[in-house]
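Hi there,

Here is the structure I promised to pass on. Have a look at it first, and my notes follow below.

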Amino acid sequence: MTDETLRRADEVGKWADAVQSPDFAETQPTQSQPHSLDIAFTGSGSEYFRIWIVNLLLTLVTLGIYYPWAKVRRLRYFHGNTLVDGAPLGYHADPKKMLKGYILVSVMLALYSAAGRFDPVAGLVAFVIVMLIWPALLKSSMQFRLANTSWRGLRFRFTGNLQGAYQALLPLFVPALIFIAAMAAIPDRKSPPAWIGFLIMGISLAIMVVFPWLFKRLKAYQHQNYALASQTTRFEATTGMFYKVYAKLFGMSIAGIGLIGFVAAIVIPMSGAMHGQADQGKTMKMVAIGVVFGMAYLLTVFVLIKPYITARMQNMVWSNTQSDGLRFYSALKFRSLLWLSLKNWFLVVLTLGLYWPFAAIARTRLQLQAVSIEANVSLDTLVNQARSKEGEAAGDAAGDLFGLDIGF
Amino acid sequence: MPAVYFDGVHAKGHAVQLYLDATTLHVQGKGIDRAESLRTVQWPERTRHGMRIAHLVDGGSVHCVDGAAWDDWSRNAGLGESWVVRLQQSWRGVLACIALLVLSIVVLQQWGVPLAARAVVAVTPRTLDVALGDAAQTWIDQNLMQPSTLPPQQLQHMRDAFTQAVAAMPAGSVPHWDLALRSSKLGPNAFALPNGNIIVTDDMVNMVNMVDADDAVLVGVLAHELGHLQHRHSMRMLVQMTALGAIASLVVGDFSSLLASVPVLMGQASYSRQAEQEADAMAVAVLRSARLSPAVMVTMFEKLADWRNRKKSAAAASPSEDPARPQTAKEESSWLGIAFASHPPDAERVRFFQEAAR
């Protein structure tokens, strides 16, 4: 056992001792003194590996029907090993209900992808329909996840309404819609008019400029609607903060690409590929160099930029989330996440994917343990007034199958 | 069994003792005395890490910090556990699962997906093929190809020649087909669209005409495409690709969708090679029934290879026979090339037609 696990086990033990001592009720402070709640993650890679393998096999041999059960087992393991102030999160979702949601959404997904193949107009109609129900699905999905998560026996709630979901999400589709409409308006595909180039450039530029603002609206919709008992979160991040994170990201990617270009400018002339005489050898060399720098570019994007945006976003978003009695802090270090991602990528590729569950556990641990909560209410006084509405399992399934991670 | 009880309304925990009898779970503590039927309790599953939470039907729950003690207690009380949990908690079981997993992936890729795809295509109405083919043809005409520059008699001649060739085939083995000529930068090529249209490029017609006195090569090429139509390969590929994509995203998708596309491409390429073999078999069948020798296809492969070499040497601007040839041949036969190639190596197909001609 590592020191870390011992320390955690010790923490848990203290909580258990306190709560199980006969005069437990008397020793708990009823006054609201500010105190911090630690988040610990006790999951183990080797144990999740076993759960994952069995899940995978059963999902495969049942042709996907087992998937909801697999998901419940996975989430129960992750939730049950997430200790907030020593008490684990509970996960309650009913796999049978989820299966219905998955069947519904699979049929939708099949129709959606089929429509585009047979007829561009049908594809456009399908896209508009998905776009129109997407916000409702997101809201359902958030409701479902939170209502099925509990802490100390209290279910969480998601208080966002439908109107808020539409306001937060619909603007995200505007650029895509303009683009599709423009494509449909082109009379002759073989010689596209000049304005289409400018339009594409204009739209891309506009997306880059407004994206941080759009993303902020989405995050605000999520983070001002988390609730537990009497505590409902507020979101205090400003649009400026989002622009700052994206500006830094932009600067970093430019620097990364510039660095690759710089190295390429030195290496390529040195390799002699530009003035070789054997034609075949020259082509092969050029191809090899192209592959190497292409890989370097991909690595920069996946290995450098993703951890950067994950760390900075998590810190900014959660450190600006609070309720009357609870305040979140996140101090996830970019360097730690970068190092971990490098290690995870390397080992996952090396083991042909078998390392993946270990990687998932390590990443969850790093991300969760970076968060702490400061409470100035006595947790024992929290009371759930109403049973939370569960939301539709279809929303949860849609989040999975359409691949838009809602980032909770 | 000591535990902490939460009532589901208040966040305050209460120290309780749990007792089990044959039908009931008793939760007893200061001011708490509950009896729950065993069947209504949602029991925790055994894990090495993490606490145990049992959910009661009204939203209440009991938590236990000591997982091992809980597991002993529930086992002694005769509570069973699911075979899934037993499998998850045994390394031997997990190793067996890995073996089964590899086996089932191989079985699915080799037989399961192709078989399922055949079945799905068999129940799919032909109108869907036609719609798919019409859409593809519109796209090709708009983006990829221009109208043919050959005289219209050429098309009529080809149609007549091929109609005559397939006339000797057994009834019902020839699907609906039509011919169309297009000019394109792609070079000599022919392909079948699922609406029954076989598109032949002008370059292909010119290349074949140079060597083809009795239209035998032409018939062979068209019969190969007819084979794709007969087996509805486009639809089958579509179904297979979707199924493979779903399997791959199940296995590695939650790590990286980029990584998930690699096995899909490899599996897809292997299906495509099988489809080409089926189409080649059709070509042999048509040629034989028309009393032509399958060896004519060998001529076609030679001509194609010539064309490729000429193009390559033109691009490399090297004067004569270029040294690239042995190198490309080596590349093609390397395992990586095979894993991603859509067609079997030419040498293998030439051998197939030579053997068929014997």
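What is the mean pLDDT of chain B, and what share of its residues reach 70 or more? The mean is 81, and 89% of the residues of chain B get to 70 or more; pLDDT is the predictor's confidence in each residue, on a scale from 0 to 100. Over residues 318-335 of chain B the pLDDT is below 50, and beyond near neighbours in sequence that stretch has 14 contacts in the model (two residues are in contact if their C-beta atoms, placed from the backbone, lie within 7 Å).

As you will have gathered, this is a predicted model, in which local features need pLDDT of at least 70, side-chain atom pairs count only at pLDDT 80 or more, and totals for chains, interfaces and linings use all residues. Residues are numbered from 1 along each chain as its sequence is written, while chains are lettered from A and ligands numbered from 1 in the order in which they are written.

For the complex, the predictor gives an ipTM of 0.74 and a pTM of 0.78. Chain A has an average pLDDT of 79, with 77% of the residues scoring at least 70. Within chain A, confidence is lowest in helix α2 (residues 24-27), at a mean of 43, and highest in α12(A), at 92. Two stretches of chain A deserve a note. The pLDDT is below 50 over residues 20-31 of chain A, a stretch with twelve contacts beyond near neighbours in sequence. It is also below 50 over residues 403-408 of chain A, where there are six such contacts.

Now to the helices of chain A. Helices (H or I, at least four residues) and strands (E, at least two) are DSSP runs, numbered from the N terminus. Axes are lines fitted to C-alpha atoms, for helices over the stretch in contact, and angles run from 0 to 180 degrees between N-to-C directions. Helix α3 (residues 45-61) of chain A packs against helix α12 (residues 356-369) of chain A at an angle of about 130°, with the axes 8 Å apart. α3(A) and α12(A) are therefore oblique to each other (angles under 35 degrees count as roughly parallel, over 145 as roughly antiparallel, 65 to 115 as roughly perpendicular and the rest as oblique). On the α3(A) side the contact involves A:G45, A:Y48, A:F49 and A:W52, which meet A:P357, A:F358, A:A360, A:I361 and A:A362 of α12(A). The residues of this contact of α3(A) with α12(A) comprise eight nonpolar, one polar and no charged (Ala, Val, Leu, Ile, Met, Phe, Trp, Tyr, Cys and Pro count as nonpolar, Asp, Glu, Lys and Arg as charged, and the others, Gly among them, as polar).

α3(A) also packs with helix α4 (residues 67-80) of chain A, at an angle of about 170° and with axes 9 Å apart. That makes α3(A) roughly antiparallel to α4(A). From α3(A) come A:Y48, A:I51, A:N55, A:L58 and A:T59, and from α4(A) come A:Y67, A:A70, A:R73, A:R74 and A:Y77. The contact of α3(A) with α4(A) has six nonpolar, two polar and two charged residues.

Next, the strands of chain A (two strands pair if DSSP finds at least two bridges between them). Strand β1 (residues 35-41) of chain A pairs in the antiparallel sense with strand β11 (residues 371-375) of chain A over four bridges. Here A:L37 stands opposite A:I373, and A:D38 stands opposite A:S372. β11(A) also pairs in the antiparallel sense with strand β10 (residues 326-330) of chain A, over five bridges, and A:S330 stands opposite A:V371. β1(A) pairs with strand β2 (residues 82-84) of chain A as well, antiparallel over three bridges, with A:A40 opposite A:L83.

Chain B has an open sheet of six strands in the order β4-β3-β2-β1-β6-β5, with antiparallel pairing. β4 (32-37) and β5 (52-55) of chain B stand at the edges with a single partner strand each, so one side of each lacks a neighbour in the sheet. The twist averages 30° from one strand to the next. Four bridges join β5(B) to the antiparallel strand β6 (residues 61-64) of chain B, and B:I53 stands opposite B:H63.

Four strands of chain B form another open sheet, β7-β8-β10-β9, with mixed pairing. Its edge strands are β7 (146-147) and β9 (190-192) of chain B.

Best wishes
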